[in-house]
Amino acid sequence: MIWLEFAIMQRALIACIFAGFLMGLIGVFVVRMRLSAIGYSMSHGAFAGAALGVATATNPLVTGLLFASGTALVIGPIADKARLHADTITSIVFPLNMALAFVFLTLTPEVGLSSQVANVLWGSIISMTNSDLLYLTTLFAVTLAVVYFVWKELFAIMFNRKLAEADGINTKPFVYLIIFLAGVVITFSLKLVGGLLIYALLFNPASTVLQFSENMRKVVIASPLVGMATTVTGLVVSLFFDLPVGSCIVIVSTIVFVVALLLSPKRKRKEEPKK
């Protein structure tokens, strides 16, 4: 393929592989621990951060990363302190981040929805730099190492958090760890599909694989592979049809999930007793 000869496309392809893998991997823990609302809060936290960056004339991507990471860092402790489920807190943080974003943009009406903010919102994979790839590579290695060393505890929590606690595992630090990792992975993947669509990549690969298996070891291996396949396929589709990369990735990912749902043995088993 001729386009692969261009460095910009090579960076885009590598970014798709790393980001797709990481989102697919972290998505397994987020889905199984029922932390779904995190994706919404992270992406809109990045939007608020980008707006703050524009208002203060700093790099919107850096402030977006800080805002989303900060959001991820406080969700777990606040939920436990208030004795609320993490999804309840994230449902409150989500509109707060949107409100802050609009306030920040109002402070700088002359800037409005600049290309920098738009890149964070909808992604701009062609703007990937070598530094971005270095960050993704480092994050890839760190995430794999973390999952490897705490897999036993994570596996127990995914199976049943109360049983894990009864077995002597202090589950809070591990749940906080997953929330924080999700925030970091999301923010470093923003250039792929943008803040408004990133949560689709967090849920779709894991949800797709879970249609065929409940074996967590198999799911943890297969979900990142599905994430990589859908992001790379989305990139190729966007190049052939000259469409936005982020949108194509999300559409491909959603189609794969729908097909998996239609073919799911679990769904067929549930329908059989009704016949």
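Which residues does Ser 238 touch, not counting residues up to four places away in sequence? In this predicted model, Ser 238 touches Leu 243, Pro 244, Val 245 and Cys 248.

Ser 238 belongs to helix α12. Its relative accessible area is 3%, so Ser 238 is buried.

Asp 242 sits in the loop between α12 (216-241) and α13 (245-263). The residue is exposed, with a relative accessible area of 70%. Its phi is positive, near 55°, although Asp 242 is not a glycine. Most residues other than glycine have a negative phi.

## Overall fold

The chain has 14 helices and 0 strands. From the N terminus on, the order of elements reads α-α-α-α-α-α-α-α-α-α-α-α-α-α. There are 275 residues in the chain, and 48% of them count as buried.

How much of the contact set comes from residues 24 or more positions apart? Among contacts with a separation of 6 or more, such residues account for 77%.

## Helix α1 and the residue after it

Helix α1 covers residues 7-32. It has 26 residues, which should span 38 Å at 1.5 Å a residue. The end C-alpha atoms of α1 are 38 Å apart, in agreement with that value.

Arg 34 follows α1 and has a positive phi, near 55°. It is found in the loop between α1 and α2 (37-55). Arg 34 counts as exposed, at 62% relative accessibility. Arg 34 and Met 158 are 124 residues apart in sequence. In space, their C-alpha atoms are 9.2 Å apart.

## Aromatic pairs

The structure holds 5 aromatic pairs. A pair of aromatic rings is described by the distance of the centres and the angle of the planes. For Phe 29 and Trp 151, the ring centres are 6.4 Å apart and the planes stand at 65°. Planes over 60 degrees apart count as edge-to-face, so this is the class of the Phe 29 and Trp 151 pair. The pair links distant parts of the chain: Phe 29 is in helix α1, Trp 151 is in helix α7 (residues 151-159), and 122 residues separate them. Both Phe 29 and Trp 151 are buried.

Trp 151 also pairs with Phe 155. Here the centres are 5.6 Å apart and the planes at 45°, so the pair is tilted. Both residues lie in helix α7, 4 residues apart, or about one helical turn. Phe 155 is partly exposed, at 27%.

Elsewhere, ring pairs link Phe 18, Phe 21 and Phe 140 into a cluster.

## Nonpolar cores

Which residues have the most contacts inside the largest nonpolar core? They are Phe 29 and Val 30, in a core of 58 residues. Helix α1 gives the largest share of this core, 12 residues. In soluble globular proteins, nonpolar side chains tend to be buried together.

Val 30 is in contact with Leu 35, Ser 36, Ile 178, Ala 182, Leu 202 and Phe 203, leaving aside its neighbours within four places in sequence. Another core lies apart from the largest one. This other core has 6 residues, among them Phe 47, Ala 48, Ala 51 and Leu 105.

Helix α6 (residues 130-149) has 20 residues. From its first C-alpha to its last it reaches 29 Å, close to the 28 Å expected at 1.5 Å a residue.

Where do the buried residues of α6 lie around the axis? Asp 132, Leu 133, Leu 136, Leu 139, Phe 140, Thr 143 and Val 147 are buried. They cover an arc of only 125°, which puts them on the same side of α6. The face turned away from that buried side carries the exposed residues Asn 130, Leu 134, Tyr 148 and Phe 149. Phe 140, one of the buried residues of α6, is also part of the ring cluster with Phe 18 and Phe 21.

Terms used
Residues numbered from 1 in each chain as written. Predicted model: local features only at pLDDT ≥ 70, side-chain atom pairs only at ≥ 80, totals over all residues. Heavy atoms only, no water. Phe/Tyr/Trp six-rings, centres within 6.5 Å; stacked < 30°, edge-to-face > 60°. Helix = DSSP H or I, 4+ residues; strand = E, 2+ residues; numbered from the N terminus. Buried < 20%, exposed > 50% of the residue type's maximum accessible area, 1.4 Å probe, protein only. Core = buried A, V, L, I, M, F, W, Y, C linked by side-chain atoms within 4.5 Å. Contact = heavy atoms within 4.5 Å. Expected span 1.5 Å × (residues − 1). Arc of directions from axis to C-beta.
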